[in-house]
Amino acid sequence: MPFRFRRSARLGPLRLNFGKSGLSSISLGGRGASFNVPVARAGGPRTTVGLPGTGLGWSVEHGVGVPSASPEGLPNSRRFRPGQLDAFRQGCLGVLQEQLFAPGSHGQRLWDHNLITRLLADPTIGGRTQGLLAVIETPEAMQAYVMRAQSQDDAKRRAHRCVEAVQEALRLVNARGWLRD
């Protein structure tokens, strides 16, 4: 039997799952029930419910990013029919807002106290970091950024970039002592 090694990290209620090429999915939940959004793997969001310790479980892949059959005229079954990409982008945005910027979360506090705007005004922050933080400066900025995705993979990359931006913002804010628990 081959061995498997789980590579993951927790960010608040989120579990970031890593594969060979980087972030593969973002999960919420724990033993018994979880919701998983793929970032760098095929398929759509998946809900899993099970009885821990029994090996019994049920999993369903939601239809947002999963075409029911290969679309005619499109060689790649991961491409969307009209309207599916918009629904997928909305789904990604919803997960980001629910998980990273839920009421009372550190992400929400970044927005409530305009801490990202404060960071962007800091001349000691490099251009790459400023570009990363600008993605999540306001709820409207994050929404516009995610909704500009041109494909499923682009939407996943943009969602991943938003997660990276929140991590970096929290690191910088905590280093400056601006956000105390």
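**Notes on the predicted model**

1. Leu14 is buried, with a relative accessible area of 2%; buried means under 20% relative accessible area, exposed over 50% and partly exposed in between, using a 1.4 Å probe and protein chains only. Leu14 sits in strand 2 (residues 14–19). Helices (H or I, at least four residues) and strands (E, at least two) are DSSP runs, numbered from the N terminus. Leaving aside residues up to four places away in sequence, Leu14 touches Ala9, Ile26, Ser27, Gln99 and Leu100, where contact means heavy atoms within 4.5 Å. Leu14 and Gly30, 16 residues apart in sequence, have C-alpha atoms 9.7 Å apart.

2. A word on the basis of these notes. This is a predicted model, in which local features need pLDDT of at least 70 and side-chain atom pairs count only at pLDDT 80 or more, while totals for chains, interfaces and linings use all residues. Residues are numbered from 1 along each chain as its sequence is written, and side-chain values use heavy atoms, with hydrogens and water left out.

3. Please look at Asn36 in strand 4 (residues 33–38). Asn36 is buried, at a relative accessible area of 14%. Its side chain has a polar contact of 2.7 Å with that of Ser27 and another of 3.2 Å with that of Ser25. A polar contact is a pair of N or O atoms within 3.5 Å; within protein, one must be able to donate a hydrogen and the other to accept it, and residues adjacent in sequence count only if both atoms are side-chain atoms.

4. How do helix 1 (residues 84–100) and helix 6 (residues 152–176) cross? Their axes come within 10 Å, at roughly 15 degrees, which means that helix 1 is roughly parallel to helix 6 (angles under 35 degrees count as roughly parallel, over 145 as roughly antiparallel, 65 to 115 as roughly perpendicular and the rest as oblique). Axes are lines fitted to C-alpha atoms, for helices over the stretch in contact, and angles run from 0 to 180 degrees between N-to-C directions. Residues meeting here include Phe88 and Leu96 in helix 1 and Ala159 and Val163 in helix 6.

5. Helix 5 (residues 139–147) has Met142, Tyr145, Val146 and Met147 buried. Among the elements covering these buried residues are helix 1, helix 2 (106–112) and helix 6. The axes of helix 1 and helix 5 come within 9 Å and cross at roughly 145 degrees. Arg89 and Leu93 of helix 1 are among the residues making the contact, as are Met142 and Val146 of helix 5.
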